[in-house]
Amino acid sequence: MAFGIVSMTILPLTSTSSYSSRLSYRRSRPLLLNVSCGNSVVHCSNFTRDLSLATEKLGNGDAMTGGAFDFRKATTSLTERSISTSKKVTLVRHGLSTWNEESKVQGSSDLSVLTQTGVQQAEKCRRALANINFDRCFASPISRAKSTAEVLWQGREEELVFLDSLKEAHLFFLEGMKNVDAKKIYPKEYTTWREDPAEFCVNGVYPLRKIWGTAREAWKEILLSPGENFVVVTHKSILRALICTALGLGPERFRSIEINNGGISVFKFNERGEAMLQSLNMTAHMYSDHTYLY
């Protein structure tokens with residue numbers, strides 16, 4: 001039986017007491033990793049000389065590493081150029097709508113409006129985010145999202161900003177149909193939309209592929225705007241596209257992310273316009289008086 005021996009020398013990190021500190025991971029000589037097995041020996045060395053790690057302090061004083069966010073080229077830049085400062089973007093899905101309640105396909109239609117429950121959910125979002133100083137609120141101009149944003153933004157000084165790039169995906173003849181009816185009348189098209197949405201096509205138009213491009217446009221408009229902390233109120237499909245494009249995922253991953261009515265997600269962006277997902281579909285505020293302090 002052969003036995004392997006691994007030897008490693010690593011210099012300790014130097015910590016600081018600041019809330020958001022930067023640690024420099026340096027070495028005075030190459031780290032050597034020797035692996036021997038039988039008559040074979042493998043020598044590994046030469047990693048990046050200066051590895052910068054971004055850290056924050058937890059409540060107990062321990063350091064929490066955000067290193068992946070600080071790695072160069074960790075993700076794709078959504079702005080394709082540097083931005084003035086790092087930014088934070090909070091994404092909110094609109095409250096329950098009439099067509100949500102009736103299990104109808106909504107898409108870009110403006111005929112679905114907030115229910116009373118939806119208004120209450122919007123108010124819960126407002127209270128949950130009341131302690132956060134947002135510079136600006138961006139929203140879809142479609143009624144159910146617009147109404148949610150108006151409730152959420154009550155008492156704030158800045159005007160709401162409505163972006164066409166935050167509108168929901170256009171789903172053609174499926175819009176306004178109950179899901180059960182759409183499945184019966186258009187079985188092939190509906191099944192494609194539900195099971196392979198990236199391939200859903202109407203008259204040569206692929207709605208999901210199109211909304212991926214729209215999401216990239218929305219990110220640019222938002223991130224290149226003045227300010228450091230934004231809230232965005234919009235719809236489920238465009239939210240999925242925003243999240244996926246920020247993470248470098250294609251349309252085929254559309255249904256891998258769930259966003260509930262009133263669900264809150266948070267991204268941080270570095271000065272290269274690269275994203276780090278901080279929170280996804282938070283809903284504690286829907287069931288309690290929970291507030292967010294970030």
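Does glutamate 80 count as buried or exposed, and at what relative accessibility? Glutamate 80 counts as exposed because its relative accessibility is 64%, where exposed means over 50% relative accessible area, buried under 20% and partly exposed in between, using a 1.4 Å probe and protein chains only.

Welcome to a short tour of this predicted model, in which local features need pLDDT of at least 70 and side-chain atom pairs count only at pLDDT 80 or more, while totals for chains, interfaces and linings use all residues. Residues are numbered from 1 along each chain as its sequence is written, and side-chain values use heavy atoms, with hydrogens and water left out.

**The sheet**

- Six strands make an open sheet in the order E9-E8-E10-E7-E11-E12, with mixed pairing; strands (E, at least two residues) and helices (H or I, at least four) are DSSP runs numbered from the N terminus, and two strands pair if DSSP finds at least two bridges between them.
- Strand E9 (161-162) and E12 stand at the edges with a single partner strand each, so one side of each has no neighbour in the sheet.
- Strand E7 (residues 87-93) is mostly covered, with 7 of its 7 residues buried.
- Lys87, Val89, Leu91 and Arg93 point one way from E7, while Lys88, Thr90 and Val92 point the other way.
- E7 runs parallel to strand E10 (residues 229-234), joined by 6 bridges; in E10, valine 233 stands opposite valine 92, and valine 231 is the bridge partner of threonine 90.
- E7 also pairs with strand E11 (residues 264-269) in the antiparallel sense over 6 bridges, with serine 265 as the bridge partner of leucine 91.
- E11 in turn pairs with strand E12 (residues 275-282) over 5 bridges, again in the antiparallel sense, and lysine 268 stands opposite methionine 276 in E12.
- The hairpin of E11 and E12 has 5 residues between the strands, and glycine 273 in the turn has a positive phi of about 75°.

**Helix H3**

- Helix H3 (residues 116-128) has 13 residues, which at 1.5 Å a residue should span 18 Å, and its end C-alpha atoms are 18 Å apart, which agrees; the expected span is 1.5 Å times one less than the number of residues.
- Gly118, Gln121, Ala122, Cys125 and Ala128 are the buried residues of H3.
- These buried residues fall within an arc of 120° seen down the axis of H3, so they line one face of the helix; the arc is that of the directions from the helix axis to the C-beta atoms.

**The second largest pocket**

- The second largest pocket has a volume of about 500 Å³.
- Its lining has 25 residues, and the closest to the pocket centre are Arg93, Asn100, Gln106, Arg194 and Lys236.
- Helix H2 (98-101), helix H6 (187-195) and helix H8 (236-247) are the elements that give two or more residues to this lining, and H8 gives the largest share, 3 residues.

**Positive phi in the loops**

- Most residues other than glycine have a negative phi.
- Glutamate 80, in the loop between helix H1 (67-70) and E7, has a positive phi near 60°.
- Phenylalanine 172 has a positive phi near 55° and lies in the loop between E9 and helix H5 (179-185).
- With a relative accessible area of 26%, phenylalanine 172 is partly exposed.

Methods
1 Å grid on protein atoms, 1.4 Å probe; cavity = no way out; pocket = protein on both sides within 12 Å on 5 of 7 lines; lining within 4 Å. Points joined across faces, edges and corners; volume = space filled by probe spheres on them.
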